[in-house]
Amino acid sequence: MALRFYNTLTRSLQEFHPVEPGIVGIYACGPTVYQLPHIGNYRTFLLNDLLHRYLQWKGYRVKFVMNLTDVDDRIIEQALARGVAIDEFTEPFIRGFFDDQQALNIRPADVYPRATRHVSEMVTLVERLLERGHAYLVDGSVYFAISSLPQYGRLSRIDLSHMRAGERVASDRYEKEDVRDFALWKAARDEDRRVGAVWPTAWGDGRPGWHLECSAMSMAELGESFDIHTGGEDLIFPHHEDEIAQSEGATGRPFVRFWLHVKHLLINGEKMSKSLGNDYTLRDLLQQGHSATAIRYLLLSAHYRKELNFTFDGLEDARAALRRLLDFQDRLERSPPGDEGGDSALPDLARTGLADFEAALDDDLNAPAALAALFTFVRETNAALDRGTAPAAHLEQVRHALRRMDEIFAVLDLARAEGQVDARFAAWVEERLAQRQAARARRDFARADAIRAELSAAGVLVEDTPQGPRWRREAPRTGPASA
Ligand code: AMP
Ligand code: ZN
């Protein structure tokens, strides 16, 4: 079966072939760096990782581009509130984002263009739109004239009877009921100057709109027409609709061939929101003692267009599934080989396992079906090993199949590294606690307090009980202040 993706543009499953044989260009809308990403964002970023890894697994050369939105309405608002320039404000969130990517074993993009470093391309794009009659100037701001582009609305299939052409919307995030001419470029306000969010142009100082940023950065990195563009489902309108309008308006060529959108993550059955206090960041969960590998596994385990409800029970299930994979890998390493000329079911199981795994992912990245294929392979290989030994070459074939499948889910090494860190950390805490008990026994309370302070600095809370000291990791600190 050929590789197929569900394309939001056509609302159908379509066979995927890149424009240039063997080479794929992907643009993923990255984080708006005004806070640390929450785990909903990571559902989308992990789908990108799955796509990135799978296309490489299939032998494509991939250019993967993920932008950082480091200037937009929300960033300016927050930088103003803190009284700092936008670059200074966004810096810790950018760092935090890269730390998270690494913790979740997300394969790095080839480039991470930052909006503030690509303003000249954005200005050029506005100039082209002005020249081609798709944009107009009002008091130093430039707006896109949606009535100038017949295909406007094709991606989101919005009801254009709501369209109020000639009326304008300045905000970057607006609702479907508010289809109006949108801002490409916003004239500088005093507030923008105070936070360093101003660039000069022929028509006056100002700053780019959010949608313009992604059109300019994607075309700068991937050309005017490219293969795949991804994002969360909330970006279909207006962000991606407006990206298409800007790019196609400026070039007269089709912008993106495949649009993939990820369904929003729910947490404990609810929408994620600040007011409900359930917009967990990755570090919130890690500080509560949850494992990055289990989080990665759980977020990848549902099909990206299906509902996924993140629960703490779900994390426990993910942990159990990971345990089974680790045990299986250990067994394969330990299994003594049988006679060299002997027979076994393993080569067939490896072949079928890999074929089923690939067929599942070919089918619009069906991760749950791929995991089912992986676990069937684990179960049947275990059963075959229960029945008797296999020649070394056969064992090597199943080890290879497991490694191949793990190139996509990428959890085994991560889980092992995590286990080692956990065990090392626990051993260190126990050793410090023993030292503290010894200090107390000799009534050296200053020393005992110093050790307690050292543990506390490492995020360990100690409680003295009649049975001796007990410890646990501290509850998470929340909010961007911990960034
Ligand atoms: P933002 O930083 O708000 O620009 O979002 C970064 C990416 O995360 C975008 O592709 C969003 O569509 C996506 N996203 C935001 N919230 C969620 C969620 N609850 N579940 C999945 N993806 C999300
Ligand atoms: Zn974008």
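1. The donors of the zinc ion (ligand 2) are spaced along the chain as C-x184-C-x24-H. In this predicted model, the atoms that coordinate the zinc ion (ligand 2) are SG of Cys29, SG of Cys214 and NE2 of His239, at 2.1 to 2.2 Å.

2. Cys29 is in the loop between β3 and α1, while His239 is in helix α7 (residues 236-251), and the two are 210 residues apart. Cys29 and His239 are both buried.

3. Next, the start of the chain. In strand β1 (residues 4-7) the side chains alternate.

4. Strand β1 runs antiparallel to β2, and 4 bridges join them. Tyr6 has Leu13 in β2 as its bridge partner.

5. Now the aromatic rings. A pair of aromatic rings is described by the distance of the centres and the angle of the planes. There are 24 aromatic pairs in the structure. One of them joins Phe16 and Tyr60, with 6.3 Å from centre to centre and 75° between the planes, and is edge-to-face. Phe16 is in the loop between β2 (12-15) and β3 (23-28), and Tyr60 is in the loop between α1 (39-57) and β4 (61-66), so this pair ties together parts 44 residues apart in sequence. The relative accessible area of Phe16 is 2%, so Phe16 counts as buried, the cut-off being under 20%.

6. A further pair is formed by Phe328 and Phe377. The ring centres of Phe328 and Phe377 are 5.8 Å apart and the planes stand at 80°, so the pair is edge-to-face. Because Phe328 belongs to helix α10 (residues 312-334) and Phe377 to helix α12 (residues 367-387), the pair ties together parts that are 49 residues apart in sequence. Phe328 and Phe377 are buried.

7. Aromatic residues also group beyond pairs. Tyr42, Phe45, Phe97, Phe98 and Tyr112 make up one aromatic cluster.

8. Which residue has its charged end over the ring of Trp210? That residue is Arg173, with its charged end 3.8 Å from the ring centre. Arg168 lies over the face of Tyr143, 5.4 Å from the centre of the ring.

Conventions
Residues numbered from 1 in each chain as written. Chains lettered and ligands numbered in written order. Predicted model: local features only at pLDDT ≥ 70, side-chain atom pairs only at ≥ 80, totals over all residues. Heavy atoms only, no water. Phe/Tyr/Trp six-rings, centres within 6.5 Å; stacked < 30°, edge-to-face > 60°. Buried < 20%, exposed > 50% of the residue type's maximum accessible area, 1.4 Å probe, protein only. Lys NZ or Arg CZ within 6 Å of the ring centre and 35° of its normal. Pairing = 2+ DSSP bridges. Donors = N, O, S within 2.8 Å, 3.2 Å for Na, K, Ca; no water.
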